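Hello,

Here is the structure for your files, with notes on what was found in it below.

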Amino acid sequence: MPALSSTMKEGKLSEWLTSEGSPISSGDSIATIESDKADMDLEAFADGTLLKILVEEGETAKVGEPIAVILEEGEEEVELMKLIEGGGGTEPVVETQEPASSSSPPPVSASTEPQTPHTKVYMPALSSTMTSGKVVSWEVDESGTVGSGEPLLTVESDKADMEVEHLGDDGFLARICVEEGASCDVGEVVAVIVENEEDVAKWDGWMPGASVSAPSPSPASPAASKPAAAAKAPSASSPAPSGGRVIASPLAKKVAKDKNIDLSQVTGTGPEGRITVSDVEGFTAGSPPKKKSDTPPVSSWKPANGVVAATPMARALAKKSKIDLSTISGTGQFGRVTEADVKSALGESPKKKKVLPGVPAVELPSGFVKYSGMQSAVSTNMEATLTVPIFRVSSTIEMNSFNKLYASVKPNGVTLTVLISKAVSIAIQKHPIMNSRHDSNGGIYYNSDINIANAVALDGGLITPVMKNTNEKSLEELGEEWRDLVSKAREGKLKPDEFNSGTFAITNLGMFGVTAFDAILPPNTGTILALGATTEVIRPCEECVGGMRKVKEMTVTVTCDHRPIYGSDAAIFLKTLKEVMENPEKWGVK
């Protein structure tokens, strides 16, 4: 039983999508699981046969308990049945495979796996909401050595970019199955690592049966438009400067050392001039280094026979207009037929927008743009809140004294976000129900720590860095922690625990002049506080000359889950928060 969310402790088997004795393939949906968040399909991570169903439809099982047995190719059914009947628990997951006794290895293809000792590397789940990941970069070249604990690749998840380390034994990266810029589902094979260097060549051209989406083409990265099964095209590069740092793959360094070749004299054809083993093997001593060509490299990729390369919009328009794409000459990248090419073939001239004299033309975006990983996660989380019964309560807080405190601590690196988070944590200590959440077991889950999550807008997304134990730290400590979190968020380097461990959320649109707004409650949270802008207003004052005075006020609104938190709880909390922020001298903190 998989953990489909960070809070899931057990799951209910809603439906089996296949039956005992049926063959299954890696990536096939085999069951539907009801978690504490939603119903999700469970995919098979290996080819084989569904030998035995251990948890029937409608039954529940704790996370980690076996729900079925899959007979993989090469395994003995009798041994597995003994294990099941004997109650021996879960069978071990065999990552490495020993070579089969054969006089000659079978030909390598997408369906024939070389019988060598190896370990498959799968796309990891880097957050509780991640369902697919994009390979940003490979830190090791094919045929390069891979050490245990060393960074292997960088993955873009639905939250941030993270390095993935190799946790197995040392080996050689025999096959990269998902190229840089391409995406695949969590659990699919992204690479193969072999134990013996001589087995590297046996995996050349092998691809798993799982589907991998090719990267979107862009002018800055033409190689990203190749199919996932295509080999990396070498790009011309200049030789490494003499006496400078030489960038080379581990295997290239090993071969160069064996052949007594000075790597500074070798021209690297790998990414960013990286020297590969083929560069070393093709190097002739005394030959002048190859000069970098002024002509940009041309991609060697060509579509398969009978396949016309065209954009989705072009295919849709051609189908609608009943025109054969093979008769159209493509002008897009790598010769792809674009929508404009189809329109030109239909005799349509590009529409020119009317522009007023003296007004520059503005090109507006048009058409469908697929969500990024982070945008998809935000969309999913927002949809999940539709099932939560919420209510909202607003209050107005006088900010004069609070602003004076902010002016005094600002030189110490304390931001307004930090100061408000501190005030909120003080109020939460008096009303811990506001730091709680609904639990699917039918009760209230009280969080012992006050971890304040503040929403930060990113280019094309949103993330909530978390200041942990806000009530226990000084303003200076929180200021330093927040600067570090924001820096990581901008660079996409936040760890999952740094953005999904919040117990109370804050969102602020006041800096944009928004006076008041309602926030959507994030999943797995009981309360979110929305902050508006500070505005100057005139209020009655019996002690002031003229009976009036000018004050600065801010409107705040809490959105709460009505299951654990009631309207009176929120009202009393806002009353306390108002007292705390209007009287900061009583905080007793520095």
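Trp-206 is buried, with a relative accessible area of 4%, and Trp-203 is buried at 0% (buried means under 20% relative accessible area, with a 1.4 Å probe and protein chains only). The model is predicted, so to speak of local features pLDDT of at least 70 is needed, side-chain atom pairs count only at pLDDT 80 or more, and totals for chains, interfaces and linings use all residues. Residues are numbered from 1 along each chain as its sequence is written, and side-chain values use heavy atoms, leaving out hydrogens and water.

Aromatic pairs: rings of Phe, Tyr and Trp (its six-membered ring) pair if their centres lie within 6.5 Å; planes under 30 degrees apart count as stacked, over 60 as edge-to-face and the rest as tilted. By this rule there are three aromatic pairs. Among them, Trp-203 and Trp-206 have ring centres 5.2 Å apart and planes at 85°, so this pair is edge-to-face. Phe-504 and Phe-573 form a tilted pair, 5.8 Å centre to centre with 50° between the planes. Phe-504 lies in strand β23 (residues 504-508) and Phe-573 in helix α10 (residues 567-582), so the pair ties together parts 69 residues apart in sequence. Helices (H or I, at least four residues) and strands (E, at least two) are DSSP runs, numbered from the N terminus. Both Phe-504 and Phe-573 are buried.

Sheet: four strands form an open sheet in the order β12-β11-β9-β14, with antiparallel pairing (two strands pair if DSSP finds at least two bridges between them). Its edge strands, β12 (161-165) and β14 (183-185), each pair on one side only.

Regards

Technical notes:
Buried means under 20% relative accessible area, exposed over 50%, partly exposed in between (1.4 Å probe, protein chains only).
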